[in-house]
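Thank you for making time for this.

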Amino acid sequence: MAADEAIEIAGVRLTSPEKVLYPEQGITKRDLAEYYLAVADFILPHVARRPITLVRCPTGRQKKCFYQRHAGSGVPRELKQVAVPGFEDSGAYLYLTDRRGLIALVQMGVLEIHPWGARIDRTDRPDRLIFDLDPGEGLAFRDVVAAAREVRAHLAGLGLESFVKTTGGKGLHVLVPIERRHAWPEAKAFARRVATDLAEGAPGKYLMRISKAERQGRIFIDYLRNDPTSTAVAPYSTRSRAGAPVATPLAWAELDEDLDPAAFTIRTVPARMDRLGADPWRDIAAVRQRLPK
C-alpha cells in the first residue's frame with residue numbers, strides 16, 4: 001500500500017492515513033483514528049447528539065489550526081447538522097451520533113472536540129456545568145489538585161455531586177451534572193455565585209477575572225464556559241498540543257499530589273481504560289440533581 005493510499009476505518013474513508021499529526025511522537029492520522037475507535041464507548045456519551053465546536057489542524061498540530069462550529073462546505077456525510085433556536089443567523093451546528101462520526105472528524109483533521117453542555121433536543125437547557133481551574137504562574141499541579149478538592153467540597157455543601165478530569169493542559173475541570181430544568185442564564189449565574197464565594201473566601205488563592213497579569217500565584221476559576229457557545233474540551237478528546245495529551249476523566253480517589261496530567265496521552269489512555277475495565281465517570285448519567293435556590 002502506498003503511503004498516501006486511502007484506507008477505510010469503521011466504514012469511513014480515511015485519506016492520507018500516514019500523515020503525521022503529532023510530529024514529536026510520530027502519531028499519524030491512522031493512529032488518531034485507531035485511538036478514537038479504542039475509546040469510542042467512553043467518549044460518545046459525552047459528545048454524541050450535542051452541538052460541537054471543532055479545532056481542526058489538517059496539516060498537524062504544529063501548523064495552522066482553526067475553530068469550526070458550523071457546517072460550511074465539504075462536511076462528511078457521517079456528521080449531522082442542527083439549527084439551534086436563537087442562533088439561526090450563524091448557521092447550522094455540527095453534531096455526531098456514532099463512531100463513524102468520530103472517524104469523520106479525524107478525516108477532517110480535528111484534534112479537539114468541544115461539545116456544548118446541552119443536547120440537540122433541548123439546546124436551551126444545559127445538563128452539566130463546568131468549573132475550569134486555570135493556574136497562574138508560580139503554581140504547581142498539586143495546587144490545582146487542592147483547588148479541585150475545595151470546589152468539590154463547596155459543591156457537596158450545596159448538595160451537588162461533581163466529577164473531575166484533566167484538561168490536557170495545566171488545569172482541571174470540575175463538572176456538575178444537572179437535570180435539564182434550568183435555562184442557560186440561571187445555570188451561569190449559579191456557576192458565577194460558586195466562583196464568587198470561593199474567590200471571596202480565599203482571595204489570595206482564587207480570582208474570577210480573566211486577566212493573566214493578576215493570576216500570578218492564583219487560580220482563575222473560569223465559570224464563563226457555562227454559556228451555549230463557550231464550550232470546554234470533551235472527556236477523552238485529544239488536544240492540539242505537544243505530547244498528544246488527552247483530557248481524561250478521573251475518579252476523585254485518583255486525584256493526588258503526585259498525579260502527572262501529561263501522562264494521559266493518545267498512547268496511554270486506551271491501555272488505562274483496558275486496565276480499569278470501566279469509565280471513572282460511568283455513574284454520571286445516573287446522577288439526578290437540580291441547582292439549589
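Let me begin with a term: a crossing of two helices is called left-handed if the near helix is turned anticlockwise from the far one by less than a right angle, and right-handed if it is turned clockwise. With that in hand, please note that what you see is a predicted model, and that the crossing of α1 and α3 in it is right-handed. The contact behind that crossing is made by K29, L32, A33, Y36 and L37 on the side of α1, and by R99, L102, I103, V106 and Q107 on the side of α3. Sorted by class, this contact of α1 with α3 comprises 7 nonpolar residues, 1 polar residue and 2 charged residues.

Two packed helices are described by the angle between their axes and the distance between the axes. For helix α1, residues 29-38, and helix α3, residues 99-107, the angle is about 160 degrees and the axes are 9 Å apart. Because angles over 145 degrees count as roughly antiparallel, α1 is roughly antiparallel to α3.

How does α1 pack with its other partner, helix α2, residues 40-47, in terms of angle and axes? Here the angle is about 80 degrees, and the axes of α1 and α2 are 5 Å apart, so that α1 is roughly perpendicular to α2. The residues in contact are Y36, L37 and A38 of α1, together with A40, F42 and I43 of α2, and by class this contact has 6 nonpolar residues, with no polar and no charged ones.

Staying with α2, I would point out that this helix is mostly covered, since 6 of its 8 residues are buried. The buried ones are A40, F42, I43, L44, H46 and V47, and what covers them includes α1, β5, α3, β9 (110-115), β10 and α6 (269-276).

Just after α2 we come to R49, which takes a positive phi of about 60 degrees although R49 is not a glycine. R49 is found in the loop between α2 and β5, and at 44% relative accessibility R49 counts as partly exposed. R50 lies in that loop between α2 and β5 (52-56) as well. Is R50 buried or exposed? With a relative accessible area of 2%, R50 is buried, the cut-off for that word being under 20%. Leaving aside residues up to four places away in sequence, R50 touches L94, Y95, P115, W116, G117, A118, R119, I120, D127 and R128.

A positive phi is also found at S16, where the value is near 45 degrees, again in a residue other than glycine. S16 sits in the loop between β2 (12-14) and β3 (20-22), and at 25% relative accessibility S16 counts as partly exposed.

Let me now turn to the sheet. Which order do its 6 strands take? They form an open sheet in the order β13-β14-β10-β12-β11-β15, with mixed pairing.

The bridge partner of T166 in β12 is L172, and the hairpin of β11 and β12 has 5 residues between the strands, with G168 taking a positive phi near 85 degrees. β11 also pairs with β15 in the antiparallel sense, over 2 bridges, and in β15 the bridge partner of K165 is P249.

Finally, which way do the side chains of β11 point? F163 and K165 point one way from the strand, V164 and T166 point the other way, and all are buried.

Key
Residues are numbered from 1 along each chain as its sequence is written. This is a predicted model: local features need pLDDT of at least 70, side-chain atom pairs count only at pLDDT 80 or more; totals for chains, interfaces and linings use all residues. Side-chain values use heavy atoms; hydrogens and water are left out. Axes are lines fitted to C-alpha atoms, for helices over the stretch in contact, and angles run from 0 to 180 degrees between N-to-C directions. Helices (H or I, at least four residues) and strands (E, at least two) are DSSP runs, numbered from the N terminus. Angles under 35 degrees count as roughly parallel, over 145 as roughly antiparallel, 65 to 115 as roughly perpendicular and the rest as oblique. Contact means heavy atoms within 4.5 Å. Ala, Val, Leu, Ile, Met, Phe, Trp, Tyr, Cys and Pro count as nonpolar, Asp, Glu, Lys and Arg as charged, and the others, Gly among them, as polar. Two strands pair if DSSP finds at least two bridges between them. Buried means under 20% relative accessible area, exposed over 50%, partly exposed in between (1.4 Å probe, protein chains only).
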